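This briefing goes with the sequence and the structure shown below. Please keep both in view while reading the points grouped by topic.

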Amino acid sequence: MMKIAIVGASGYAARELFEILLNHPDARITVATSRRDEAPRVEESHPGLAGRISLECTPFDVDRIAADADLAFLALPHTASLEVVPALRSKGVKVIDLSADYRIKNAQVYEQWYGHAHTDPAGLSEAIYGLPELFRDRIPAASLIANPGCYTSAGILGLAPLVAEGLVDPKSIIIDAMSGVSGAGRAPKPNLHFPECNESVVAYSVGNHRHTPEIEHILSEVGGEAVETLFTPHLIPMDRGINATIHAEPRSTVVEASLVELYRSFYHASPFIRVCARIPATKDSARTNFCDVAPKVVRGRIIIFSCLDNLIKGAAGVAVQNMNLMFGYPETTGFWRL
Ligand SMILES: NC(=O)c1ccc[n+]([C@@H]2O[C@H](COP(=O)([O-])OP(=O)(O)OC[C@H]3O[C@@H](n4cnc5c(N)ncnc54)[C@H](OP(=O)(O)O)[C@@H]3O)[C@@H](O)[C@H]2O)c1
């Protein structure tokens with residue numbers, strides 16, 4: 001039985017961690033943390049979990065976590081993880097960090113994009129990027145997982161087969177992606193108020209979204225050559241889900257049926273990737289750990305459609321996949337829809 005701590009237990013990603021882990025036959029949640037003086041119980045923060053869990057939230061205490069947990073999921077905003085990861089690791093606790101703090105290997109690039117110096121170079125050098133579909137063999141030995149971003153997973157999983165095979169011009173890639181509002185977390189912000197975002201679609205962080213260097217770094221590793229992307233995120237009025245519509249120029253003539261075959265072969269050992277003949281909709285993968293991908297050829301150019309649930313395949317679901325691999329369980333253990 002794995003004993004689990006969830007740090008940042010009142011947030012949206014944490015809620016999905018509870019949901020999945022309560023379904024896991026070999027995981028027991030022993031610690032949940034919150035900074036608040038009068039911390040709500042887990043079932044008060046997440047009323048939908050009432051009757052399934054009864055657990056007090058306590059302040060972060062590294063000794064308590066080390067005594068009561070084998071693994072800590074950190075569902076904290078970026079930069080907050082930098083303070084707690086070294087403390088947990090010094091006590092032998094394995095960590096899966098859902099924030100961006102350990103995803104970008106180059107500390108200067110991290111500082112440039114996140115506006116904060118990286119204060120844990122040892123952790124950064126040891127962290128494994130936890131995208132099982134690409135790095136499955138690295139995860140079992142990891143003690144620190146940098147869980148991928150939600151837009152990044154949609155983009156990378158949509159492009160990886162093409163980039164790995166060198167089929168597209170690596171500087172031609174355009175990712176237009178749309179996310180539901182839960183992608184911004186639970187803390188209220190003016191642009192996330194219902195009257196502001198309902199019945200409206202808006203692009204944001206044009207040319208400077210923080211997932212850009214993560215996508216480029218991972219795809220460059222996959223392809224063995226520098227990949228550049230024009231990535232434009234959009235906020236759309238739904239609770240959850242990401243749709244990425246991705247354009248890339250083929251290096252030579254391509255046939256759609258061959259691309260579908262390539263994707264099926266590339267992901268044949270990946271139970272959470274569904275290569276679709278139809279165009280996927282966000283509803284198809286909502287509340288599941290699936291990423292649906294569909295490559296198409298239109299007028300000789302490639303368009304890939306990639307959909308996932310930002311809170312599950314984009315956050316908590318892939319985190320539990322990583323946990324399963326770290327502790328020797330089948331990757332699919334604990335997931336309720338397959
Ligand atoms: N939302 C998504 O779709 C998504 C997808 C992929 C990755 N992520 C990443 O996952 C992490 C959690 O995201 P989320 O959407 O769950 O965020 P969230 O809903 O805002 O929850 C974050 C939680 O962390 C705690 N917290 C906030 N500021 C803190 C600080 N400075 N120090 C310590 N604790 C703090 C808060 O709990 P208390 O107030 O109770 O302490 C809060 O409930 C983020 O790094 C995010 O980028 C999110």
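In this predicted model, 27 residues surround the ligand, and the closest are Gly 8, Gly 11, Ser 99, Gly 185 and Arg 186; a residue counts as near a molecule if its C-beta atom, placed from the backbone, lies within 6 Å of it. Helix 1 (12-21) and helix 13 (312-326) are the elements that give two or more residues to this shell, where helices (H or I, at least four residues) and strands (E, at least two) are DSSP runs numbered from the N terminus. Residues are numbered from 1 along each chain as its sequence is written. Because the model is a prediction, local features need pLDDT of at least 70 and side-chain atom pairs count only at pLDDT 80 or more, whereas totals for chains, interfaces and linings use all residues.

**Ligand shell and domains**

- Helix 1 gives the most to the shell around the ligand, with three residues.
- By residue class the shell divides into twelve nonpolar, twelve polar and three charged residues, with Ala, Val, Leu, Ile, Met, Phe, Trp, Tyr, Cys and Pro counted as nonpolar, Asp, Glu, Lys and Arg as charged, and the others, Gly among them, as polar.
- The protein chain is divided into domain 1 (2-126) and domain 2 (150-310), with bounds that come from an automatic or database domain assignment.
- Both domain 1 and domain 2 give residues to the shell around the ligand, so the ligand lies between them.
- The centres of domain 1 and domain 2, taken over C-alpha atoms, are separated by 26 Å.
- Eight residues of domain 1 are in contact with seven residues of domain 2, contact being defined as C-beta atoms, placed from the backbone, that lie within 7 Å.
- On the side of domain 1 that touches domain 2, the largest share, three residues, comes from helix 5, and the residues of that side divide into six nonpolar, one polar and one charged.

**Helix 10**

- Helix 10 (residues 211-223) has 13 residues and reaches 18 Å from its first C-alpha to its last, close to the 18 Å expected at 1.5 Å a residue; the expected span is 1.5 Å times one less than the number of residues.
- Ten of the 13 residues of helix 10 are buried, so this helix is largely enclosed by the rest of the structure; a residue is buried if 20 or more other C-beta atoms lie within 10 Å of its own, exposed if 12 or fewer, and partly exposed in between, with C-beta atoms placed from the backbone.
- Among the buried residues of helix 10 are His 211, Pro 213, Ile 215, Ile 218, Leu 219 and Val 222.
- The buried residues of helix 10 pack against helix 5 (107-114), strand 6 (128-129), helix 7 (132-135), helix 8 (150-164) and strand 10 (229-235).
- Gly 224, whose phi is positive, near 70 degrees, follows helix 10.

- Seven strands form an open sheet in the order 9-10-8-11-14-13-12, with mixed pairing; two strands pair if DSSP finds at least two bridges between them.
- Strand 9 (202-203) and strand 12 (273-275) stand at the edges, each with a single partner strand, so one side of each is left without a neighbour in the sheet.
- Strand 9 joins strand 10 through two bridges in the antiparallel sense, and Ala 203 has His 234 as its bridge partner in strand 10.
- Strand 8 (residues 173-179) pairs with strand 10 in the parallel sense over seven bridges, with Ile 173 opposite Thr 229.
- In a regular strand the side chains alternate between the two faces of the sheet. Strand 10 has a covered face of Thr 229, Phe 231, Pro 233 and Leu 235, and an uncovered one of Leu 230, Thr 232 and His 234.
- Strand 11 (residues 242-248) and strand 14 (residues 301-308) run antiparallel and are joined by seven bridges, with Thr 245 opposite Phe 305.
- Strand 13 and strand 14 run antiparallel over eight bridges and form a hairpin with two residues between them, where Arg 299 in the turn has a positive phi of about 50 degrees.
- Strand 12 and strand 13 run parallel and are joined by three bridges, and Arg 274 has Asp 292 as its bridge partner in strand 13.

**Two loop residues**

- Ser 172 lies in the loop between helix 8 and strand 8, and counts as partly exposed with 17 C-beta neighbours inside 10 Å.
- Not counting residues up to four places away in sequence, Ser 172 touches Ala 248 and Glu 249.
- Thr 288 has its place in the loop between helix 12 (282-285) and strand 13 (291-298), and is partly exposed, with 19 other C-beta atoms within 10 Å.

Conventions:
Contact = placed C-beta atoms within 7 Å.
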